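Visitor: Could you take me through how the helices pack here, and then through the pocket?

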Amino acid sequence: MVIYILYYVKKEEKYIELAVSHGKAWVEGDDKEANKIHGKLMKLKETNDLALEDLLNHENESVKLWSAIFLLDKKNEQAVQTLQDIKDNGTSMSSTAMIMLDMWKKGML
């Protein structure tokens, strides 16, 4: 049981690290690094066993953004509200949240 819990803790820590790094690369305009990290985030998502609901309230905006995007198909109302909040707060992640909401509404996600 302890090994099982440690597995999920490490996986969540890795997810947070990647989401924070992606946000930093995005803000700095480092598209190559952001794309590399995006691929790693998508691989983590494919395992489908991250507890992302709690991360919708994370202190880092990029962690909230990625968690909301990944939860759009499961926790729709919470995810949409989180993206709306990010869109409305006028930070560097606002435009991404706006685009994700638009894509989701058009059925593109």
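This is a predicted model: local features need pLDDT of at least 70, side-chain atom pairs count only at pLDDT 80 or more; totals for chains, interfaces and linings use all residues.

Visitor: At what angle do H4 and H5 cross?
Guide: The axes of H4 (residues 76-88) and H5 (residues 94-105) cross at roughly 140° and come within 7 Å. That makes H4 oblique to H5, since angles under 35 degrees count as roughly parallel, over 145 as roughly antiparallel, 65 to 115 as roughly perpendicular and the rest as oblique. Helices here are DSSP runs (H or I, at least four residues) numbered from the N terminus, and axes are lines fitted to C-alpha atoms over the stretch in contact, with angles from 0 to 180 degrees between N-to-C directions.

Visitor: Which residues make that contact?
Guide: Among them are Val 80, Leu 83 and Ile 86 of H4, and Ala 97, Met 100 and Trp 104 of H5, where contact means heavy atoms within 4.5 Å.

Visitor: And what about H3 and H4, what is their angle?
Guide: H3 and H4 pack at about 145°, with their axes 8 Å apart. In this pair, residues including Leu 65, Ala 68 and Ile 69 in H3 meet residues including Ala 79, Leu 83 and Ile 86 in H4.

Visitor: Switching topic, how much space lies in the largest pocket?
Guide: The largest pocket holds about 280 Å³, a volume being the space filled by probe spheres set on grid points joined across faces, edges and corners. On a 1 Å grid over the protein atoms alone, a pocket is an open set of points where a 1.4 Å probe fits, with protein on both sides within 12 Å along at least five of seven lines, and lining residues have an atom within 4 Å of a point.

Visitor: Which residues are closest to its centre?
Guide: Of the 15 lining residues, the closest to the centre of the largest pocket are His 22, Trp 26, Trp 66, Thr 96 and Met 100.

Methods: Residues are numbered from 1 along each chain as its sequence is written. Side-chain values use heavy atoms; hydrogens and water are left out. Helices (H or I, at least four residues) and strands (E, at least two) are DSSP runs, numbered from the N terminus.
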